[in-house]
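Here is a quick tour of one protein chain for anyone who likes to know who sits next to whom. Have a look at the sequence and the structure, then read on.

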Amino acid sequence: MKTAIFAAIAAASVAVPAFAQDAAPFTGPRVGAILGYDNIQGSDGFTYGASAGYDIAIAPRITVGPEVSFSDSTTKDAGVHASRDLAASLRLGYAVNPRVLAFGKVGYANTRFEFAGAHQSLEGVRFGGGLEYAVTPRTYISAEYQRSEYEDDFGGRNAGLVGIGFRF
């Protein structure tokens, strides 16, 4: 009986790594750093921050999952400074090949604008898309475009981002 139990444990320990290798690419939890160009109502700046998400394979080449991000910006115009930016999105991806994922996303954005010692937060919708390239099975680089449309007819925000991240 003990031999059968040890044999089952040994078989499971060998099968688990093999199963992990067969898992769909671009799935599981991920975290990354992002930076890039920021344009708010015609004013240019630099944005930088972090993102985290979890991708689930829903078909052999299709993934879906939530993504959250936190960033800051150097964009200023007429005494108004775009400050922290929080976003929560749903991301849908298509694995073009085992190393390239094309994705689109849509979600919620909340950005703080600071002026004359005060601040105001505006909410809006964020959408965009991009490409993710698997440098290794656990490391990726990405490039994406994001557009945010805010409430109160404030206008929009465009961002071109690059990133580096890790999957777990």
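## Contacts and overall layout

Among contacts in the chain between residues at least 6 apart in sequence, 52% link residues at least 24 apart. Keep in mind that this is a predicted model. As for burial, 36% of the chain's 168 residues count as buried.

The chain has one helix and nine strands. Reading from the N terminus, the order is α-β-β-β-β-β-β-β-β-β.

Strand 7 and strand 8 run antiparallel and are joined by eleven bridges. In that pairing, Gly130 stands opposite Glu144 of strand 8. The hairpin from strand 7 to strand 8 goes through four residues.

Strand 8 also runs antiparallel to strand 9, again with eleven bridges. Here Ala143 has Val162 in strand 9 as its bridge partner. The hairpin of strand 8 and strand 9 has five residues between the strands, and in it Asp152 takes a positive phi near 55°.

## The nonpolar core

Which residues make up the largest nonpolar core? There are five: Ile40, Ala82, Phe113, Leu122 and Tyr150. In soluble globular proteins, nonpolar side chains tend to be buried together.

Take Ile40 as a way in. Leaving out residues up to four places away in sequence, Ile40 touches Thr75, Ala82, Phe113, Phe154, Gly156 and Arg157. Two of those names, Ala82 and Phe113, also belong to the core.

## Rings and a charge

The count of aromatic pairs comes to two. One is Phe46 with Tyr48: their ring centres are 6.1 Å apart and their planes are at 25°, so this pair is stacked. A stacked pair needs planes under 30 degrees apart. Phe46 is partly exposed at 38% relative accessibility, and Tyr48 is partly exposed at 39%.

The other pair is Phe113 with Tyr150. With centres 5.9 Å apart and planes at 85°, these rings are edge-to-face. Phe113 belongs to strand 6 and Tyr150 to strand 8 (residues 139-150), so the pair ties together parts that are 37 residues apart in sequence. Phe113 and Tyr150 are buried. Elsewhere, the charged end of Arg91 sits over the ring of Phe103, 4.4 Å from its centre.

## Gln146, a buried polar residue

Buried or exposed: which is Gln146, in terms of relative accessible area? It is buried, because its relative accessible area is 8% and the cut-off for buried is under 20%. Gln146 has its place in strand 8.

What does the side chain of Gln146 make a polar contact with? The partner is the side chain of Glu144, at 3.1 Å. Setting aside neighbours within four places in sequence, Gln146 is also in contact with Lys105, Arg126, Phe127, Gly128, Arg157, Asn158, Ala159 and Leu161.

## Arg167, a buried charged residue

Arg167 lies in strand 9 (residues 156-167). Arg167 counts as buried because its relative accessible area is 7%, against a cut-off of under 20%.

Which side chain does Arg167 make a polar contact with? It is the side chain of Asp55, at 3.0 Å. Arg167 and Asp55 are 112 residues apart in sequence, yet their C-alpha atoms are 9.8 Å apart in space. Besides Asp55, the residues that Arg167 touches (not counting those up to four places away in sequence) include Phe26, Thr27, Gly28, Pro29, Arg30, Arg91, Glu132, Arg138 and Tyr140. Arg91 turns up again here, the residue whose charged end sits over the ring of Phe103.

## Two loop residues with positive phi

Gln41 has a positive phi of about 50°, although it is not a glycine. Gln41 is in the loop between strand 1 (28-40) and strand 2 (43-59). With 45% relative accessibility, Gln41 is partly exposed.

Ala116 is another non-glycine with a positive phi, of about 45°. Its loop lies between strand 6 (100-115) and strand 7 (118-134). Is Ala116 buried or exposed? Ala116 is exposed, because its relative accessible area is 82% and the exposed class begins over 50%.

How values were computed: Residues numbered from 1 in each chain as written. Predicted model: local features only at pLDDT ≥ 70, side-chain atom pairs only at ≥ 80, totals over all residues. Heavy atoms only, no water. Buried < 20%, exposed > 50% of the residue type's maximum accessible area, 1.4 Å probe, protein only. Core = buried A, V, L, I, M, F, W, Y, C linked by side-chain atoms within 4.5 Å. Contact = heavy atoms within 4.5 Å. Phe/Tyr/Trp six-rings, centres within 6.5 Å; stacked < 30°, edge-to-face > 60°. Lys NZ or Arg CZ within 6 Å of the ring centre and 35° of its normal. Polar contact = N/O pair within 3.5 Å; in protein donor to acceptor, adjacent residues only side chain to side chain. Pairing = 2+ DSSP bridges.
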